[in-house]
Amino acid sequence: GQQLNQSPQSMFIQEGEDVSMNCTSSSIFNTWLWYKQDPGEGPVLLIALYKAGELTSNGRLTAQFGITRKDSFLNISASIPSDVGIYFCAGDQGAQKLVFGQGTRLTINP
Amino acid sequence: DTEVTQTPKHLVMGMTNKKSLKCEQHMGHRAMYWYKQKAKKPPELMFVYSYEKLSINESVPSRFSPECPNSSLLNLHLHALQPEDSALYLCASSQAQRNSPLHFGNGTRLTVT
């Protein structure tokens, strides 16, 4: 089936550092979504991207939809302890079937 | 706080038990979903309901039986499960139109003994 290649798989950073992660695919998606999942909870929607080239911010988070519709990145600026968690990208081709990346596990050292 | 509510939060059941997972949303969404998530893996789609009708079944074994009694409720009936079915079961909802983002509940942590 379709796959999203998400990288890196894990990140260990110092508090205050900026973070960057990305997803690529061989398929075109209509929508890219970025979710964060904390332990014992469900994924929480961070940013939704609908147009090729679209750049969207949500506080310290910024995400962009690649111009080819086959990739997206998420940046987090000035990381804080509550940013710890697993970040998933997800692509939607409009058939109500999200394709998820494998996740990026973010760990922050105080 | 999530606007998709799932109960129970935790469930332990034997392989001969029958149990049900419940999900409720009051966002007016007309599409509802069941996902299964194993540890350190992304969620995997099981079922999709659109306007209370089953629209997608991702070849899920019949020991999992979904039900959508109305536009706000989604159930997952469990019977004769196997230990490998132990996982986090996530419910989600969205607007029924194309490319509407999914909103997830906090899941039910299921353990099959």
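Modeller: Buried means under 20% relative accessible area, exposed means over 50%, and partly exposed is in between (1.4 Å probe, protein chains only). This is a predicted model, in which local features need pLDDT of at least 70, side-chain atom pairs count only at pLDDT 80 or more, and totals for chains, interfaces and linings use all residues. Residues are numbered from 1 along each chain as its sequence is written, chains are lettered from A and ligands numbered from 1 in the order in which they are written, and side-chain values use heavy atoms, with hydrogens and water left out.

Biologist: Which residues is B:I56 in contact with, leaving aside its neighbours within four places in sequence?

Modeller: Contact means heavy atoms within 4.5 Å. In chain B, the residues in contact with B:I56 are B:L45, B:M46, B:F47 and B:V48.

Biologist: How many residues does each chain bring to the contact between chain A and chain B, and which of chain A lose the most area?

Modeller: Chain A gives 23 residues and chain B gives 27 residues. Between them the chains bury about 1900 Å², 51% of it on carbon and sulfur atoms; buried area is the accessible area (1.4 Å probe) that two parts lose on being put together, summed over both. On the side of chain A, 29% of what is buried comes from the three residues that lose the most area to chain B, namely A:Q96, A:K97 and A:F100.

Biologist: Which salt bridge links A:K97 to chain B, and where do its two residues lie?

Modeller: The count between chain A and chain B is 1 salt bridge, meaning a side-chain nitrogen of Lys or Arg within 4 Å of a carboxyl oxygen of Asp or Glu. Side chains of opposite charge can pair when their charged atoms come close. A:K97 pairs with B:E58, with the closest N and O atoms 2.9 Å apart. B:E58 sits in the loop between strand 6 and strand 7 (64-70) of chain B, and A:K97 in the loop between strand 9 and strand 10 of chain A.

Biologist: Are B:E58 and A:K97 buried, exposed or partly exposed?

Modeller: B:E58 has a relative accessible area of 33%, so B:E58 is partly exposed. At 37% relative accessibility, A:K97 likewise counts as partly exposed.

Biologist: Which strand gives the largest share of the side of chain A that touches chain B?

Modeller: Across this interface the rule finds 5 residue pairs in polar contact (both at pLDDT 80 or more). Such a contact is a pair of N or O atoms within 3.5 Å; within protein, one must be able to donate a hydrogen and the other to accept it, and residues adjacent in sequence count only if both atoms are side-chain atoms. At least two residues each come from strand 4 (31-37), strand 9 (85-92) and strand 10 (98-100) of chain A. The largest share, 4 residues, comes from strand 4 of chain A.

Biologist: Where are A:R60 and A:D83, and how many residues apart are they?

Modeller: These two form a salt bridge, the closest N and O atoms being 2.8 Å apart. A:R60 is partly exposed at 27% relative accessibility, whereas A:D83 is buried at 6% relative accessible area. A:R60 is in the loop between strand 6 (55-58) and strand 7 (61-65) of chain A, and A:D83 in the loop between strand 8 (71-76) and strand 9, so the pair links distant parts of the chain, residues apart by 23.

Biologist: Which parts of chain B does the salt bridge of B:R30 and B:E52 tie together?

Modeller: The side chains of B:R30 and B:E52 meet at 3.0 Å, N to O. The pair ties together parts that are 22 residues apart in sequence, because B:R30 is in the loop between strand 3 (18-25) and strand 4 (31-37) of chain B, and B:E52 in the loop between strand 5 (44-50) and strand 6.

Biologist: What does B:D85 contact, leaving aside its neighbours within four places in sequence?

Modeller: B:D85 lies in the loop between strand 8 (73-79) and strand 9 (87-94) of chain B. Its relative accessible area is 2%, so B:D85 is buried. Its contacts are B:K36, B:R63, B:F64, B:L110 and B:V112.

Biologist: How many helices and strands does chain A have?

Modeller: Of the 110 residues in chain A, 45% are buried. The C-alpha atoms fill a box of roughly 40 × 25 × 20 Å along the principal axes. Helices are DSSP runs of H or I of at least four residues. The secondary structure of chain A comes to 0 helices and 11 strands.
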